[in-house]
Amino acid sequence: MKTIQMVDLKGQYSKIKEDVDASVLEVLDSTAYINGPKVHQFQKNLEAYLGVKHVIPCANGTDALQIAMMGLGLKPGDEVITADFTFAATVEVIALLQLTPVLVDVDEVTFNIDIDAIKKAITPKTKAIVPVHLFGMCANMEAIMAIAKEHNLFVIEDNAQGIGADYTWSNGKKSKSGTIGHVASTSFFPSKNLGCYGDGGAIFTNDDDLAHIIRGIVNHGMYERYHHDVVGVNSRLDSIQAAILDIKLKHLDTYNKKRQNAARAYNKAFKNEEHIVIPTGRDVCSGICDTCDCHVFHQYTLRILNGKRDALVKHLNENGIPCGVYYPIPLHLQKAYTDSRYIESDFTVTNRLIAEVISLPMHTELDDEQIAFIAATLKNFINA
Ligand SMILES: *Cc1c(COP(=O)(O)O)cnc(C)c1O
């Protein structure tokens, strides 16, 4: 059996090496390292793939979130509601911009931001909601957009883990994740579903005016050369990374299918286990049927109900199976983000999930033999 890895970037690269190398060499030959034609080409191809009017490339997914919030003109003291159970980048940029983060609980089935908790958290100061499409499945965007409309709020989708996923509306219509809110951010960190070979990110929007504002912000607040109209940042996707991403974008749907196939095999192995909860959606199949892309499995995350999660992590590692706990500490209990207004009873789901979740190896190169070994090792331990 091949060594099991959490992500297998080398195996994936070896299959597209010729194309990637040629594309990178083109950049080296052209010396167009910054904002070269490859960046524009990738931007256009990603716009077409997503069916979104504007993609604005930038340096990483955290910048993308920050720039999206700057573009919306949010002001210090404005309250921004986001999920307690996510990567810290989401809340970090809210705090950096001196906005007030308002963390709320998540749904125990989908791991995504809880709709009733959003409603409860809205005050006259609330200006935006940041749903995170955690682990690769969209948050309940239909409900979130309805709340935003009613209260006149912006919706910023953190799509770092969901690129390529479909969101299915109650009328059956589908939209790509990251094209539904007023603006969205994504990350091209190497292990993400569409990853480059360094850092990268992008902002998406269908709003022409907002796209114009954001294009200036990423470039030192310049709309005309050496005229700085607003305080901006320097955040660029470099041409070499764009050259790699443009090749990999052609494979994104195939890559996501491979992740879904691995998830389906895991689900089959774990579905009748008393102490294990497999990832599912609420109103959608969550990507486990053969025909939809509701879930693109950035992570394959189980809940372990019999208190053996920590021992299981150790056992898997001892048997050559890497795994992860995303995330081990709720954001509302992180030193940087505590707030005297938070009440523990408002975070019952997150507080439980952090002790139950385990993410198994998930990538495009997993094979049946590895999955069978992982499943058998895990089940034997949990049921022992
Ligand atoms: C990875 C990630 C980010 C940050 O992306 P970087 O490119 O690492 O800055 C933000 N939000 C979520 C949910 C992520 O998973």
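Guide: The model is a predicted one, and the pair in question is helix 1, residues 9–30, with helix 8, residues 239–249. Two packed helices are described by the angle between their axes and the distance between the axes. Here the angle is about 140° and the axes lie 9 Å apart; angles over 145 degrees would count as roughly antiparallel and those from 65 to 115 as roughly perpendicular, with the rest counted as oblique, and helix 1 and helix 8 are therefore oblique to each other. In handedness, the crossing of helix 1 past helix 8 is right-handed. On the side of helix 1, the contact is formed by Gln12, Ile16, Asp19, Val20, Ser23, Val24, Val27 and Leu28, while helix 8 contributes Ser239, Ile240, Ala243, Ile244, Ile247 and Lys248. Sorted by class, this contact holds 9 nonpolar, 3 polar and 2 charged residues.

Turning to the ligand, the residues around the ligand include Asn60, Gln161 and Lys192, along with Phe87, Val132 and Asp158. A side-chain N or O atom of Gln161 is 2.8 Å from an oxygen atom of the ligand, a polar side-chain atom of Lys192 lies 3.1 Å from a ligand oxygen atom, and for Asn60 the corresponding distance from a polar side-chain atom to an oxygen atom of the ligand is 3.5 Å.

Conventions
Residues are numbered from 1 along each chain as its sequence is written. This is a predicted model: local features need pLDDT of at least 70, side-chain atom pairs count only at pLDDT 80 or more; totals for chains, interfaces and linings use all residues. Side-chain values use heavy atoms; hydrogens and water are left out. Axes are lines fitted to C-alpha atoms, for helices over the stretch in contact, and angles run from 0 to 180 degrees between N-to-C directions. Helices (H or I, at least four residues) and strands (E, at least two) are DSSP runs, numbered from the N terminus. Angles under 35 degrees count as roughly parallel, over 145 as roughly antiparallel, 65 to 115 as roughly perpendicular and the rest as oblique. A crossing is left-handed if the near helix is turned anticlockwise from the far one by less than a right angle, and right-handed if clockwise. Contact means heavy atoms within 4.5 Å. Ala, Val, Leu, Ile, Met, Phe, Trp, Tyr, Cys and Pro count as nonpolar, Asp, Glu, Lys and Arg as charged, and the others, Gly among them, as polar. A residue is near a molecule or strand if one of its heavy atoms lies within 4 Å of it. A polar contact is a pair of N or O atoms within 3.5 Å; within protein, one must be able to donate a hydrogen and the other to accept it, and residues adjacent in sequence count only if both atoms are side-chain atoms.
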